[in-house]
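Look through the model shown below, then follow the explanation one part at a time.

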Amino acid sequence: MRRHLPVHAVSRPARVLVLGAGFGGLELSATLSSVLGQDADIILMDKAHGFMFGFSKLDVMFGKRRPAEVFHPYRDITKPGLRFVQATIGSIDAQSKRVETNVGCFDGDVIVLALGADLDLGATPGLLEAGHEFYTNQGAFAVRDALARFGGGRVIVGVTSTPFKCPPAPSETALLMHDYLTERGLRSRSAIELVMPLGAPIPPAPPASRALLAAFAERGVGWHPERFIDRLDPGRKVAVFSDETEMPYDLFLGVPRHTVPPAVQASGLAVDGWVPVDPLTLETGFPGVYALGDVTSVGTPKAGVFAEGQALVVASQIISRLRGTPGAVTYDGRGTCYLEFGRNLVGRINVTFPPGQAPYGDLEEPSPQLAADKADFAATRIQRWFDRPWDHGRSLSQLMASGGPKETIGRPFHGAGSD
């Protein structure tokens with residue numbers, strides 16, 4: 001789609017407000033900048049001061065990377081016609097296309113909501129008191145420290161509600177936990193249980209689900225489908241499922257409830273919890289106001305690769321609108337994501353969510369080559385979004401052997417972009 005975007009100058013300058021600097025916001029901003037340059041005023045907003053891939057949280061959790069090694073400051077973005085504003089959004093007026101923030105008001109010709117999904121950490125009783133969540137950066141880093149102290153026992157990886165971001169992540173966490181405990185000599189006195197509300201690990205891609213179930217069986221990971229974690233009992237240290245059955249645990253890793261950000265909820269754009277959009281153009285009911293990624297109810301999984309694909313469609317729609325030219329591309333619901341199996345094996349899922357039809361997908365078998373492809377995938381995104389190289393494939397052991405980067409040791413880490 002990027003090759004087919006028109007490249008001649010726009011007929012008039014326009015201000016595009018991109019709310020959220022995750023996968024979707026970064027891809028949209030980079031694409032608009034590359035095509036429009038100084039002919040547009042693109043303002044990219046996020047409350048955080050940097051971006052981190054969702055899969056990098058697992059790298060940090062299991063000791064493969066340091067936080068500073070996977071953090072990408074937004075201040076590094078220097079692209080024509082694009083400026084980053086660190087701001088907390090207070091309100092969104094879709095009719096007038098005005099956004100109020102803690103650093104002032106911004107009026108736009110076009111608004112794109114790419115704010116992702118917020119996490120309601122208090123929605124599951126006992127989660128914060130007696131367990132850990134690993135979907136925020138700070139939560140993942142806390143799990144890293146908890147794992148360093150863990151001496152073995154029952155580990156529950158549990159999902160508390162649907163929908164949730166990155167549906168493969170709980171399965172990946174369970175398999176990587178097996179590797180981690182094995183490497184530390186703790187696996188023989190530990191149990192790993194995966195509790196999910198889905199009937200299969202990856203419902204749209206049966207081959208991927210079968211491969212994961214086989215991996216669970218081989219590694220002795222307990223699989224508990226079609227069940228939610230309702231609450232944790234801190235006193236007895238048990239997880240209570242949605243059917244009121246219980247399971248004791250020594251370490252609980254939970255996926256918190258997901259919601260739209262407060263400003264989106266207050267704007268009236270959300271219906272039944274999420275923002276409805278035209279499935280082909282990603283435009284909301286307000287002309288010139290688009291939404292993409294996790295904040296929408298477009299029908300695809302809440303994952304960065306889908307936000308990226310939607311961003312290219314929105315970029316095409318915006319450029320066509322500003323220039324008054326036909327040829328804007330539409331969304332086809334396709335996405336490709338990588339799936340960690342541990343042991344340096346990564347699979348690749350290709351899945352399609354056609355509007356109004358049942359989704360379908362397949363699996364490219366796990367291999368070390370796909371693990372290398374995943375590293376290249378990450379590196380190309382950082383190159384495109386931040387205009388600088390990044391070696392995601394470089395291991396922590398290699399880094400330590402080289403003696404660097406010394407400036408990251410002991411440095412605190414805060415914030416990350418929306419998904």
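In which loop is Pro163 found? Pro163 is in the loop between β12 (154-159) and α5; helices (H or I, at least four residues) and strands (E, at least two) are DSSP runs, numbered from the N terminus. The bond joining Thr162 to Pro163 is a cis peptide bond, with omega about -5°.

The model is predicted: local features need pLDDT of at least 70, side-chain atom pairs count only at pLDDT 80 or more, and totals for chains, interfaces and linings use all residues. Residues are numbered from 1 along each chain as its sequence is written, and side-chain values use heavy atoms, with hydrogens and water left out.

Most residues other than glycine have a negative phi, and most peptide bonds are trans. Glu226, in the loop between β14 (221-224) and β15 (229-233), has a positive phi, near 55°. Asn344 also has a positive phi, near 60°, and sits in the loop between β21 (334-342) and β22 (345-352). Glu226 is exposed, at 60% relative accessible area, and Asn344 is exposed at 54%. Exposed means over 50% relative accessible area, buried under 20%, and partly exposed in between (1.4 Å probe, protein chains only).

His72, in strand β4 (residues 72-73), is buried, with a relative accessible area of 1%. Leaving aside neighbours within four places in sequence, His72 is in contact (heavy atoms within 4.5 Å) with Gly50, Phe51, Ile382, Phe386, Arg388 and Trp390. The side chains of His72 and Arg388 are joined by a polar contact of 2.8 Å. A polar contact is a pair of N or O atoms within 3.5 Å; within protein, one must be able to donate a hydrogen and the other to accept it, and residues adjacent in sequence count only if both atoms are side-chain atoms.

Two packed helices are described by the angle between their axes and the distance between the axes. Axes are lines fitted to C-alpha atoms, for helices over the stretch in contact, and angles run from 0 to 180 degrees between N-to-C directions. Helix α5 (residues 169-183) packs with helix α6 (residues 206-219) at about 30°, their axes 11 Å apart. α5 and α6 are therefore roughly parallel; angles under 35 degrees count as roughly parallel, over 145 as roughly antiparallel, 65 to 115 as roughly perpendicular and the rest as oblique. Ser171, Leu175 and His178 of α5 make the contact with Leu212, Ala215, Phe216 and Arg219 of α6.
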